[in-house]
Structures are given as structure tokens and as C-alpha cells.
Amino acid sequence: MTTTVTTTEAAVRGRAITIRRARTHNLADVDLTVPRNRLVVIVGVSGSGKSSLVFDTIAAEAGY
């Protein structure tokens, strides 16, 4: 059985990383809520800022 938790529900429960106005490399004012303890896939075209988002922003916010 798979349980789906929306990012809004996760944020309300305090189990999410919320990023507001991220500005790193190719990111321009990106708002994002990422649920914790879930597999999250970030996709986009080459040079769109995926690595910047994951490594420079989300990982730093999560404390890694």
C-alpha cells in the first residue's frame, strides 16, 4: 500500500523543507516545498539549475 502525502500536508505536519526565493546560479526566485523522508525527483533541461537546487539549497537547508 502506498501513501501519498502532498507537499502542503507535509509542510503543515512540519515534515517538509520549504525554500522561498532561492537564488543560486541559474535559479531565480524559486519557491519550493520538499517533503522529508520521501523520494523526490528533480527534473529539467540541461543548465536549468537542478544541481544548484539540490546540492546548494536543499542539502544545505537539510543540514547535510
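Trainee: Which residues does Val34 touch, not counting residues up to four places away in sequence?
Mentor: Keep in mind this is a predicted model. Val34 touches Arg15, Ala16, Ile17, Val40 and Ile58.

Trainee: And which residues make up the largest nonpolar core?
Mentor: That core has seven residues: Val34 is in there, along with Ile17, Ile19, Ala22, Leu27, Leu53 and Ile58. The elements giving two or more residues to this core are β1 (16-22) and α2. β1 has the largest share, with three residues.

Trainee: OK, switching to charges. How many salt bridges does a search of the whole structure find?
Mentor: Two. Asp29 pairs with Arg21, with the closest N and O atoms 3.6 Å apart. Asp29 also meets Arg23 in a salt bridge, at 2.6 Å from N to O. That links Arg21, Arg23 and Asp29 in a network.

Trainee: Why can side chains like that pair up at all?
Mentor: Because side chains of opposite charge can pair when their charged atoms come close.

Trainee: How exposed is Asp29?
Mentor: Asp29 has 38% relative accessibility, so it counts as partly exposed. Arg23 is exposed, with a relative accessible area of 56%.

Trainee: Last topic, the surface. Which residues make the nonpolar patch of about 390 Å²?
Mentor: Leu39, Val41 and Val43 make that patch.

Trainee: Where does Val43 sit, and is it buried or exposed?
Mentor: Val43 is in the loop between β2 (30-35) and α2 (50-62). Its relative accessible area is 69%, so Val43 counts as exposed.

Key: Residues are numbered from 1 along each chain as its sequence is written. This is a predicted model: local features need pLDDT of at least 70, side-chain atom pairs count only at pLDDT 80 or more; totals for chains, interfaces and linings use all residues. Side-chain values use heavy atoms; hydrogens and water are left out. Patches are made of residues with over 30% relative accessible area and no salt bridge: like charges are joined within 9 Å, nonpolar side chains (Val, Leu, Ile, Met, Phe, Trp, Tyr) within 5 Å. Accessible areas come from the Shrake-Rupley method with a 1.4 Å probe; for residues, only the protein chains shown count as cover. A salt bridge is a side-chain nitrogen of Lys or Arg within 4 Å of a carboxyl oxygen of Asp or Glu. Helices (H or I, at least four residues) and strands (E, at least two) are DSSP runs, numbered from the N terminus. Buried means under 20% relative accessible area, exposed over 50%, partly exposed in between (1.4 Å probe, protein chains only). A nonpolar core is a set of buried Ala, Val, Leu, Ile, Met, Phe, Trp, Tyr and Cys residues joined through side-chain atoms within 4.5 Å. Contact means heavy atoms within 4.5 Å.
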